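Subject: Structure handover

Hello,

Here is the structure you are taking over. My notes on it follow below.

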Amino acid sequence: MTFTTLILLGVDLAAALVLSLGLYYRRHHRRDLVVAFLGVNVGVLVVAAVLGTAEVAMGLGLGLFGVLSIIRLRSSEISQREVAYYFAALAIGLVAGLPQTDPWPVAAMIALILVVMWAADHPLLLARSRHQVVRIDRAIADETELRAELASTLGADVTSISLQELDLVNDTTLVDVRYRVAARRTAGVALAGTGATR
């Protein structure tokens, strides 16, 4: 094992810890996904390192990368945000695991991934935008009336609605709604997300 490999191993482990604990867990508090991110990262790192030293076709390595992502998609339901963390963990492990002569460009790419994930998932970015699936205890077929009912219930500006289910027997409506809350309501949420308040 070369000195460059040891440096990249250390960079990968540090980056995986920052991604899973420093960014994801601190903001979203799901322990099970921290384990998944770390496991995927280290697993891809090891496989990429082995494939990089073995006489195998590049197609095999790319196929393995695809299989890992498919396995994730067949697991329990997770949000698009968590999909992004999965792929960041995969990318960091893959980049760090491939044979390199100079570790610093790789370290810079890994740092770029971390910075982008930090910024993209920051609580202040698009803090007013929300998404919920709402069940209303009335069957409302008219979109204008439905939008007005949701705006009143949520106390927000409804930007998009998608009717999921109109149950005329039980007199309910299930709707996927995207909306923007007032600026004053987001201040406390954003601070809580950064750990400034409890």
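I start with Tyr85, which touches Leu19, Leu23, Tyr24, Arg27, His28, Phe37, Met117 and Asp121, leaving aside residues up to four places away in sequence; contact means heavy atoms within 4.5 Å. This is a predicted model, in which local features need pLDDT of at least 70 and side-chain atom pairs count only at pLDDT 80 or more, while totals for chains, interfaces and linings use all residues. Residues are numbered from 1 along each chain as its sequence is written, and side-chain values use heavy atoms, with hydrogens and water left out.

Cores. Tyr85 also belongs to the largest nonpolar core, which has 22 residues; Leu19, Leu33, Phe37, Tyr85 and Ile110 touch the most other members. A nonpolar core is a set of buried Ala, Val, Leu, Ile, Met, Phe, Trp, Tyr and Cys residues joined through side-chain atoms within 4.5 Å. Buried means under 20% relative accessible area, exposed over 50%, and partly exposed in between (1.4 Å probe, protein chains only). At least two residues of this core come from each of α1, α2 (31–53), α4 (80–97) and α5 (103–120), and α4 gives the most, with 7 residues. Another core lies apart from it and has 13 residues, among them Ile140, Leu146, Val158 and Tyr179.

Helix α1. His29, which follows α1, has a positive phi, near 55 degrees.

Strands β2 (residues 157–167) and β3 (residues 172–180) run antiparallel and are joined by 9 bridges; two strands pair if DSSP finds at least two bridges between them. Ser162 has Asp176 in β3 as its bridge partner. The hairpin has 4 residues between its strands, and Asp171 in the turn has a positive phi of about 60 degrees.

Whole chain. There are 7 helices and 3 strands, in the order α-α-α-α-α-β-α-β-β-α. Helices (H or I, at least four residues) and strands (E, at least two) are DSSP runs, numbered from the N terminus. Of the 198 residues, 31% count as buried. Among contacts between residues at least 6 apart in sequence, 64% join residues at least 24 apart.

Regards
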